[in-house]
Amino acid sequence: MRTDLLALTADSLAALTNRGLVKRADKELDSAAPQLRTDADGTVHGEFPDGPTASLPPGGLDAGRCTCGATGICRHLIGVVLAYQRADQPAEERPAAAPPGPWSPGQVTDDELTARIGARLMAAARRTERAGYTARIRRATAADPVPQVELATATVRFLVPADLGFVHTDAVAGSRDDVIALAVWAFRAADDKHPEASDVQVDVGGDIEAGTGSGLERALALAGTVLHDGATHLGPGLEATIADVQRHLDDAGLRWPLLAVGDLAEQLASYRDRSAHYRPELLASHIAELHARHRAVIRPNTTLRSSVLGTAEAAETPLRRARLDSLGCRIRTLGGQRIAEVYLAHSASAMVLVLRRHWDGDADGATLSRRRIGTTTLAVLAAGNLVTESAVRSASRTVRLATGRIAKSTVSPSRGAWDELPPPLVAVDFATLAHELDALAPRPIRARVEAELVRVVAVARVQAVTYAPGDQRLDAVITDRAGNTATVTATHTSAAPGRLDSLAAVLAGEEGELRFVSGIVRRTAGSVVIEPIGLAVGDRVVVPDLQPTGSVASLTAADDTPREPLAAALIETRDLLAEAVHRGLCHLPPTYGVRLATAAQRLTVLGLHRVAQAVTAFATMLTRDRDQVTEHAWVDAYLRLEIALDLC
């Protein structure tokens, strides 16, 4: 008896193919059911009245064959599965459904894995294991009987117990099948360390001992050159060094440091080109980040290398047929360009991806909404559902549609059914969301992914809406079902002049019932703050940045909020330290140390003693030779300031 076919549910079949194909096959069974026969080796044959014959041997749907001529899995193969499940078998002869959780993918042997994915991909998986990686395990439950593993590069689901022929990943088949081995090993680690937990994150592998180096030594040397000479004194000859460092990091698979060096190079290029994109504090942040990642992996009791350095990340991962639900769009200005960022929720991997487009000129959001992206417009894509077979996901969670395959993408209007998204992306309890934000690792060593903090927030009630004319900022207090509050805040920009007007209309109830707000979440002064990118209103999605301008005259005016003394002191000191990167440690003016001492004294008065001590230590080092010790003192001070600002 083919227990594997009996174990397949409609959802499992839809995951392996698509829901439309399953529905069509199921409907045709009523009028054109196949005649079934089973060989001694378990192969099931189905002869259909209209001529095609489908054969399904053990080993998964991909092993099936059909004479209809369709490429890939056709409706006839699905029909054979459904017909086999419908076959008239006495209830006492049918295998009893396995209770949730008795089988673990960790029970799969390495020999079985090698037979499934091949020796080459097993070797690739072993390399990833040696470097170490992080995985989230979700065991089978009564509500969801399919165990799954969320990896950095893919989500792996084991649809049929003990059968690797029915493993589903959201990567294109054959491109990243090594993730199946990584998922099995992650389950083994969870079974060993957390056997009772139904949802747990585990670290797997990581044979490199602390103290043996991070692989960032070349990048740190580059950062040291920039810090000592300063952006104002660096010549174009540094470009060759930057390219060499990037090649080294790319070859070593150090994705997050590679992105940091890329951003550092972009800042230097912006300064050289006199671009408005250049900001000294960003340049300083990239230098401090490289040091933070290096320190995090060489010390005793080190954080897992893969999560800090991105060693488990592929540069790009092609996705198989994917449904991406748009959560809205953000319009930004960069020099003489407008940048549109469309945020797309990928339910299968419980993550948000970013599709980015650049246009020259100063067009606003309403004008850009009519610009074409493939076969659709920005407005339709930003408020729709994208089904595509041409999506390619980067390590940083940006997504592009592969050239020449755009015809395999379709967009339909979204009804704002964001409650159907997986729980990690939807926040219905603001207190739980606050705890999640508090538990994040420090930003300089977190994964460098786009839309890391984009969430969908359920709105029970809009409590108050105010407008600060001086800051051109709209603030709204919303509540969840438990009465917890959060603040939705948006600031006017010439790139999206209709942002505040459309947001105000929705919050006032003029557009219909506000059910969800999607946006970038953060913690400020102990409360949750959301910068909106999309709104689910009634049965549609409103994207504020793409709306035409209106009027906010009817809003209650509020006083402009003065900057908190604590935040003001931290920002002032951070900018002072960033000046050291701009000018260079070797070119600081004589008064710089006095200004540092004054800033440190102000931080001491405000109670930030450890931050003040780090700033004072750096100021003391400046009285000596500008050596590596001074560089480390600057890094200590800047990291403490950045982390304090993130917590402020």
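**Stop 1: the largest nonpolar core**

Select V226, L577, Y592, L596, L603, F618 and W634. Among the 64 residues of the largest nonpolar core, these touch the most other members. A nonpolar core here is a set of buried Ala, Val, Leu, Ile, Met, Phe, Trp, Tyr and Cys residues joined through side-chain atoms within 4.5 Å. Buried means under 20% relative accessible area, exposed means over 50%, and partly exposed lies in between, with a 1.4 Å probe and protein chains only. Now colour helix α20, residues 628–647: with nine residues, α20 gives the most to this core.

This is a predicted model: local features need pLDDT of at least 70, side-chain atom pairs count only at pLDDT 80 or more, and totals for chains, interfaces and linings use all residues. Residues are numbered from 1 along each chain as its sequence is written, and side-chain values use heavy atoms, with hydrogens and water left out. Helices (H or I, at least four residues) and strands (E, at least two) are DSSP runs numbered from the N terminus.

Centre on V226. Not counting residues up to four places away in sequence, V226 touches A231, L234, L238, L264, L268, L283, I287 and V581. Contact means heavy atoms within 4.5 Å. A second, separate core has 44 residues, including A322, V354, L378 and F516.

Go back to α20 and pick A644, which lies in that helix. A644 is buried, at 17% relative accessible area. Its contacts, leaving aside neighbours within four places in sequence, are L570 and V611. Draw a C-alpha to C-alpha distance from A644 to T153: 31 Å in space, across 491 residues of sequence.

**Stop 2: helix α15**

Select residues 430–438. In this helix, F430, L433, A434 and L437 are buried. Look down the axis: the buried residues of α15 fall within an arc of 100 degrees, so they line one face of the helix. The arc is taken from the directions from the helix axis to the C-beta atoms.

What covers these buried residues? The cover includes β20 (426–427), β21 (454–458), β23 (473–479), β24 (485–491), β25 (514–524) and β26 (527–537).

Next, show D429. D429 caps the N-terminal end of α15, with a side-chain oxygen 2.8 Å from the backbone nitrogen of A431.

**Stop 3: two positive phi angles**

Select R274. R274 is not a glycine, yet its phi is positive, at about 60 degrees. R274 sits in the loop between α10 (255–272) and α11 (280–298). R274 counts as exposed, at 62% relative accessibility.

Then select Q472. This non-glycine residue also has a positive phi, near 50 degrees. Q472 belongs to the loop between β22 (461–468) and β23. At 37% relative accessibility, Q472 is partly exposed.

**Stop 4: cysteines and H76**

How many disulfides does the structure hold? A disulfide is counted when two cysteine sulfur atoms lie within 2.5 Å. Show C66, C68 and C74. The closest cysteine sulfur to that of C68 is in C66, at 3.6 Å, too far for a bond. C74 also has its closest cysteine sulfur in C66, at 3.7 Å, again too far for a bond. C68 is partly exposed at 32%, while C74 is buried at 6%.

Step to H76, in helix α4 (residues 75–86). H76 is buried, with 3% relative accessibility. Leaving aside neighbours within four places in sequence, H76 contacts F48, D50, P52, A54, C66 and C68.

**Stop 5: S55**

S55 lies in strand β3, residues 53–56. At 18% relative accessibility, S55 counts as buried. Beyond four places in sequence, S55 touches T43, V44, H45, G64, R65 and L77. Show the side chains of S55 and H45: a polar contact of 2.8 Å joins them. A polar contact is a pair of N or O atoms within 3.5 Å; within protein, one must be able to donate a hydrogen and the other to accept it, and residues adjacent in sequence count only if both atoms are side-chain atoms. For scale, S55 and S285 are 59 Å apart, C-alpha to C-alpha, and 230 residues apart in sequence.

**Stop 6: confidence**

Colour by pLDDT, the predictor's confidence in each residue, from 0 to 100. The mean for the protein chain is 86, and 91% of its residues reach 70 or more. Confidence is lowest in strand β28 (residues 556–557), at a mean of 64, and highest in β21, at 96. End at residues 90–101: pLDDT stays under 50 there, and the model has ten contacts beyond four places in sequence for this stretch.
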